[in-house]
Amino acid sequence: MADIAAVPLTPASPPRGTLARAERFVWLTARVLEQRLFAHHFREGAAGPVETALEAYRNDDGGYGHALEPALRGPASLPAHTARALHVLDAVGRCDARRGEDVCRYLTSVSTAEGALPAVGTRANAGGAAGLPGSLPATAPVVGLLHRNEVWHPWLFRATEFCRRAVEALEAARPGDVRAAVLFLDHAPDRARAEAAAERLGRLVRRARLVVLDPGGPDHATGERRFPHDYAPTPDSLARAWFTDTETDRSLDALAAGQQDDGGWPALRLPGTPEPAPGALLETRSINTIEALRTLTAYGRLV
């Protein structure tokens with residue numbers, strides 16, 4: 001890992017350039033986990049320190065808690081925390097079969113009768129999660145990441161089938177549903193079926209106007225609407241085919257322009273959700289900053 005000088009709190013002059021400004025924001029505001037992730041992605045940092053930082057959020061039941069997903073406070077294990085943990089492990093190449101199996105044992109214990117995961121933030125009652133409905137946004141990202149890393153476990157069979165049915169039944173979708181579906185389809189088995197489902201989903205996104213195609217026009221991101229890069233954060237995503245090169249370039253321009261004066265990107269809040277605590281807001285901004293940089297890098301826009 002390259003040596004990283006300490007960042008003075010009051011530098012004589014602020015850093016210039018997208019990455020330098022983001023780096024200062026991360027060092028001054030982020031949790032240890034996100035600092036280690038930034039170092040891994042952009043400063044040749046090793047994966048080991050990221051995994052060590054992540055381990056502090058792990059509970060004895062095999063799940064993760066302690067506000068790993070910043071909007072969900074408290075120590076309790078929740079599927080959303082485990083989804084965040086898998087995202088981190090995948091990002092540093094440490095989502096191997098052993099870790100995947102450990103995670104799946106926890107997921108089995110909190111699954112609904114359909115073999116899926118309950119909605120984000122849902123806590124099962126004393127009877128467990130069996131009586132709760134399955135949630136596509138909660139289940140699909142987890143299943144997609146496990147398939148991406150070639151993890152196989154009995155839990156995955158029913159969860160995969162749940163995601164297939166739920167994705168293929170989407171009609172009045174919200175952006176969160178679509179983003180979760182794409183994470184599943186990008187790595188799901190049966191590629192022909194996944195590609196057909198993605199093509200149909202792309203038509204739905206455009207027909208329902210769930211995407212902002214001209215950020216500079218009268219149409220803009222309000223409510224739950226998102227940009228092309230939100231659905232296709234990398235050019236190899238199935239969702240990339242939904243948008244023209246011009247639409248994608250405009251989207252990436254808007255993403256780059258979203259960097260704020262302090263070097264970080266904003267935290268998006270869905271309509272109807274409560275205002276997050278200041279600490280959770282800052283932690284979310286650090287996560288979003290790293291994801292924005294990764295998307296710009298994937299498209300060759302971070303220089």
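How much space lies in the second largest cavity? The structure above is a predicted model, and in this model the second largest cavity holds about 50 Å³ of space. Its lining is made up of Cys-163, Arg-164, Val-167, Glu-168, Phe-184, Leu-185, Ala-188, Pro-189, Asp-190, Arg-193, Ala-194 and Ala-197. Two or more of these residues come from each of three elements, namely helix H7 (154-168), H8 and H9. The greatest share belongs to H7, which gives four residues to the lining. Sorted by class, the lining of the second largest cavity comprises eight nonpolar and four charged residues, with no polar ones.

Rolling a probe the size of a water molecule over the atoms shows where empty space is left. Across the whole structure, three cavities of 30 Å³ or more are found. The largest cavity has a volume of about 80 Å³. Around the largest cavity stand Glu-34, Leu-37, His-41, Arg-84, His-87, Val-88, Ala-91, Ile-287, Ile-290, Glu-291 and Arg-294. Helix H2 (32-42), H4 and helix H12 (278-298) each contribute at least two residues to this lining. By class, the lining of the largest cavity consists of five nonpolar, two polar and four charged residues.

The account now turns to the loop between H8 and H9. Asp-186 is located in the loop that joins helix H8 (175-185) to helix H9 (191-207). Which residues does Asp-186 touch, when those up to four places away in sequence are not counted? They are Arg-191, Ser-237 and Leu-238. Leu-238 lies 52 residues from Asp-186 along the chain, yet their C-alpha atoms are separated by 6.0 Å. A polar atom of the Asp-186 side chain lies 2.8 Å from the backbone nitrogen of Leu-238.

Another loop, between helix H3 (48-55) and helix H4 (79-91), contains Ser-77. Is Ser-77 buried or exposed? Its relative accessibility is 16%, so Ser-77 counts as buried, the cut-off for this class being under 20%. The side chain of Ser-77 makes a polar contact with the side chain of Asn-59 at 2.8 Å, and a further polar contact joins it to the side chain of Asp-61, also at 2.8 Å. Beyond its neighbours within four places in sequence, Ser-77 is in contact with Asn-59, Asp-61, Gly-63, Tyr-64, Gly-65 and Tyr-106.

Most residues other than glycine have a negative phi. His-66, however, has a phi near 60 degrees, a positive value in a residue other than glycine. Ala-67 likewise has a positive phi, near 60 degrees, and is not a glycine. Both residues are in the loop between H3 and H4, as is recorded for His-66 and for Ala-67. Their accessibilities place them in separate classes: His-66, at 37% relative accessibility, counts as partly exposed, whereas Ala-67 is buried, with a relative accessible area of 7%.

Aromatic rings provide another view of the structure. How many aromatic pairs does a search of the whole structure find? The search finds five. In one of them, the rings of Trp-152 and Phe-157 have their centres 6.1 Å apart and their planes at 35 degrees, so this pair is tilted. Phe-157 counts as exposed because its relative accessibility is 55%. Trp-242 and Phe-243 form an edge-to-face pair, with 6.1 Å from centre to centre and 70 degrees between the planes. Trp-242 and Phe-243 are both buried.

Because its relative accessibility is 82%, Asp-261 counts as exposed. Asp-261 and Ala-22 are 239 residues apart in sequence, while the distance between their C-alpha atoms is 9.8 Å.

How values were computed: Residues are numbered from 1 along each chain as its sequence is written. Side-chain values use heavy atoms; hydrogens and water are left out. Buried means under 20% relative accessible area, exposed over 50%, partly exposed in between (1.4 Å probe, protein chains only). A polar contact is a pair of N or O atoms within 3.5 Å; within protein, one must be able to donate a hydrogen and the other to accept it, and residues adjacent in sequence count only if both atoms are side-chain atoms. Contact means heavy atoms within 4.5 Å. Rings of Phe, Tyr and Trp (its six-membered ring) pair if their centres lie within 6.5 Å; planes under 30 degrees apart count as stacked, over 60 as edge-to-face and the rest as tilted. On a 1 Å grid over the protein atoms alone, a cavity is a set of points where a 1.4 Å probe fits but cannot get out, and a pocket is an open set with protein on both sides within 12 Å along at least five of seven lines; lining residues have an atom within 4 Å of a point. Grid points are joined across faces, edges and corners, and a volume is the space filled by probe spheres set on the points. Ala, Val, Leu, Ile, Met, Phe, Trp, Tyr, Cys and Pro count as nonpolar, Asp, Glu, Lys and Arg as charged, and the others, Gly among them, as polar.
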